[in-house]
Amino acid sequence: MQRTTSTEPRRVLISGGASGFGFETARALLDQGGRVAIGDIDEDKLETAVTALDNERLLALRLDVTSAFSVEATVDSCQKSFGGLDTLVNCAGILEFSKFVDTAEDEWDRTIDVDLKGTFLCSQKAAPLLCASGRGRIVNIGSDASKIGWPMVTSYVAAKFGVVGLTKSIAGELADHGVTVNCVCPVGCPTTGMGEFVLDWKTKATGLSSEQVKAATAKDIPLGRNCSKADVVNAILFFLQDSSAFITGTALDVDGGMTSTAGVPGTG
């Protein structure tokens, strides 16, 4: 088994890479000299991302993570353009709000397909290249909803719990090839597209302004502020460093302590 440590820039595929955490991770890895493919189903966002990133080492690909054919074609394009892959960051995800008893079957299927099946397919199709690289890394994006249940987002919680289990299972299978597989579990970030969608839903549900909702959310977080995109990107980059090469199968909370600590009941 070949295992390498290297300062060579990474060859990366990022699903959901045209916006949010995926886009910012792409920017950071390009700044480090990496060759980065961003895959996204939204072609308009892809075009905007290409213009914003403006880098000859960037490859933009239309990617439907729910389709094995699309995922395989995307991985093949990375192989042809980069000569292989050593890094996969699974950022593609969706969220919908509905009461459990009102959740339609197609809503359930759609969320599970994108958030969980998509992570599975991208990891499965990229795995041979990651194993061959000798320095393979998979980083999945989970959520605080990977650790605790939330009302109104049953399908999302189920999918994100599944992502953590998938992370641990894949980590065990790929360990012999020196590939590490980890999961970053952020609390809601109000500056991503999904975060803005959640913020809008909360303002309508509570009648509060967006600033009031963000302030209330920050108050519930022990460190006293909302999550930023940089907080999450820094965690992703940590798992891509050689210094984290002995860490695999973990689900790292990036949530200011929210899912790990609590006040004394009845004193709040």
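A nonpolar core here is a set of buried Ala, Val, Leu, Ile, Met, Phe, Trp, Tyr and Cys residues joined through side-chain atoms within 4.5 Å. Buried means under 20% relative accessible area, exposed over 50%, and partly exposed in between (1.4 Å probe, protein chains only). The model is predicted: local features need pLDDT of at least 70, side-chain atom pairs count only at pLDDT 80 or more, and totals for chains, interfaces and linings use all residues. Residues are numbered from 1 along each chain as its sequence is written, and side-chain values use heavy atoms, with hydrogens and water left out.

**View 1. The largest nonpolar core has 33 residues.** Ile 14, Val 36, Ile 38, Leu 53, Val 184, Val 232 and Ile 236 touch the most other members. At least two residues of this core come from each of strand 1 (11-15), helix 1 (20-31), strand 2 (35-40), helix 2 (43-53), strand 5 (137-141) and helix 8 (229-240). Helices (H or I, at least four residues) and strands (E, at least two) are DSSP runs, numbered from the N terminus. Helix 8 gives the largest share, seven residues. A second, separate core holds 28 residues, among them Leu 63, Val 71, Ala 92 and Val 179. In soluble globular proteins, nonpolar side chains tend to be buried together.

**View 2. Contacts of Val 184.** Contact means heavy atoms within 4.5 Å. Residues up to four places away in sequence are not counted. Val 184 then touches Val 139, Asn 140, Ile 141, Gly 142 and Ser 143, among others. Its partners also include Val 232, Ala 235, Ile 236 and Phe 239, as well as Leu 252 and Val 254.

**View 3. Helix 1 packs against helix 8.** The angle is about 55 degrees, and the axes are 9 Å apart. Axes are lines fitted to C-alpha atoms, for helices over the stretch in contact, and angles run from 0 to 180 degrees between N-to-C directions. The two helices are therefore oblique to each other. Angles under 35 degrees count as roughly parallel, over 145 as roughly antiparallel, 65 to 115 as roughly perpendicular and the rest as oblique. The crossing of helix 1 and helix 8 is right-handed. A crossing is left-handed if the near helix is turned anticlockwise from the far one by less than a right angle, and right-handed if clockwise. Helix 1 contributes Gly 20, Phe 21, Glu 24, Thr 25, Ala 28 and Leu 29 to the contact. Helix 8 contributes Lys 229, Val 232, Val 233, Ile 236, Leu 237 and Leu 240.

**View 4. Helix 3 (residues 68-82) beside helix 4 (105-133).** Their axes come within 9 Å and cross at roughly 30 degrees. Helix 3 and helix 4 are therefore roughly parallel. The crossing is right-handed. Ala 68, Val 71, Glu 72, Val 75 and Gln 79 of helix 3 meet Leu 121, Cys 122, Lys 125, Ala 126 and Leu 129 of helix 4.

View 5. Ser 70 lies in helix 3. It is buried, at 12% relative accessibility. Beyond its neighbours within four places in sequence, Ser 70 is in contact with Arg 62, Leu 63 and Asp 64. Arg 110 belongs to helix 4 and is partly exposed at 36%. With neighbours within four places left aside, Arg 110 is in contact with Ile 94 and Glu 96. From C-alpha to C-alpha, Arg 110 and Arg 62 are 18 Å apart, and 48 residues separate them in sequence.

**View 6. A stacked pair of Phe 97 and Trp 201.** The ring centres are 4.1 Å apart, with 5 degrees between the planes. Rings of Phe, Tyr and Trp (its six-membered ring) pair if their centres lie within 6.5 Å; planes under 30 degrees apart count as stacked, over 60 as edge-to-face and the rest as tilted. Phe 97 sits in the loop between strand 4 (87-90) and helix 4, and Trp 201 in helix 6 (residues 193-206), so the pair ties together parts 104 residues apart in sequence. Trp 201 is partly exposed, at 30% relative accessible area. Phe 97, Phe 197 and Trp 201 form one aromatic cluster. The structure holds three aromatic pairs.

**View 7. Helix 6 crosses helix 7 (residues 210-220).** Their axes come within 9 Å and cross at roughly 100 degrees. That makes helix 6 roughly perpendicular to helix 7. Leu 199, Lys 202, Thr 203 and Thr 206 of helix 6 meet Ser 210, Val 213, Lys 214 and Thr 217 of helix 7.
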